[in-house]
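Take a look at the model below.

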Amino acid sequence: WNEEEDFEISLNYSLDCMGETIDCHFPRGKAGQALGALRAIKYMKMEKSIPSVKEINALPQMTDTSRLFGMELMSMATYSAFFAGKPTLMLMLLTRRIQWSFQ
């Protein structure tokens, strides 16, 4: 039994589900993930991308069921990415979850 392989399978399943159900795609290869992670870091460094605490508290609660489902899938995929040893993909998933929370 190989735990890392199981997490890899779980991660791929989550990524497939996100792509098919909510049209949210992430790269599978290391080069694409590295580029995506760099873009995510660059986006999060932009001042306008990070709202103030007051702005965050004023945001309405997320009610879109497809977005809520997507957030749950990304949450599961984030854990799987961590345990599968894919830090760049984990960073991309976390960044996307933060972006969705602020929208």
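Start with the contacts, meaning heavy atoms within 4.5 Å. Among contacts between residues at least 6 apart in sequence, 73% join residues at least 24 apart. Keep in mind that this is a predicted model: local features need pLDDT of at least 70, side-chain atom pairs count only at pLDDT 80 or more, and totals for chains, interfaces and linings use all residues. Residues are numbered from 1 along each chain as its sequence is written, and side-chain values use heavy atoms, with hydrogens and water left out.

Now the overall build. The chain has 5 helices and 0 strands. Helices (H or I, at least four residues) and strands (E, at least two) are DSSP runs, numbered from the N terminus. Along the sequence, the pattern reads α-α-α-α-α. The C-alpha trace spans about 50 × 30 × 20 Å along its principal axes.

Next, the surface. Accessible areas come from the Shrake-Rupley method with a 1.4 Å probe; for residues, only the protein chains shown count as cover. The chain has about 7100 Å² of accessible surface, and 59% of that belongs to carbon and sulfur atoms. A residue is buried under 20% relative accessible area, exposed over 50%, and partly exposed in between (1.4 Å probe, protein chains only). Of the 103 residues in the chain, 32% are buried.

Turn to helix H4. H4 has 19 residues. From its first C-alpha to its last, H4 reaches 28 Å, close to the 27 Å expected at 1.5 Å a residue. That expected span is 1.5 Å times one less than the number of residues. The buried residues of H4 include Gly70, Met71, Leu73 and Ala77. What do the buried residues of H4 pack against? They pack against helix H1 (3-21) and helix H5 (87-102). Just after H4, glycine 85 takes a positive phi of about 75°.

Why does serine 80 count as buried? Its relative accessible area is 5%, so serine 80 is buried. Leaving out residues up to four places away in sequence, serine 80 touches Phe7, Ser10 and Leu11.

Now for the rings. A pair of aromatic rings is described by the distance of the centres and the angle of the planes. Rings of Phe, Tyr and Trp (its six-membered ring) pair if their centres lie within 6.5 Å; planes under 30 degrees apart count as stacked, over 60 as edge-to-face and the rest as tilted. The structure holds 2 aromatic pairs. In one of them, the rings of phenylalanine 7 and phenylalanine 83 have centres 4.9 Å apart and planes at 25°, so this pair is stacked. The pair links distant parts of the chain: phenylalanine 7 is in helix H1 and phenylalanine 83 in helix H4, 76 residues apart. Phenylalanine 82 also pairs with phenylalanine 83: the centres are 5.0 Å apart and the planes at 80°, so this pair is edge-to-face. Together, Phe7, Phe82 and Phe83 form one aromatic cluster.

Phenylalanine 82, at 52%, counts as exposed.

Last, the patch. Tyr79, Phe82 and Phe83 form a nonpolar patch on the surface, with about 370 Å² of accessible area together. Patches are made of residues with over 30% relative accessible area and no salt bridge: like charges are joined within 9 Å, nonpolar side chains (Val, Leu, Ile, Met, Phe, Trp, Tyr) within 5 Å. A salt bridge is a side-chain nitrogen of Lys or Arg within 4 Å of a carboxyl oxygen of Asp or Glu.
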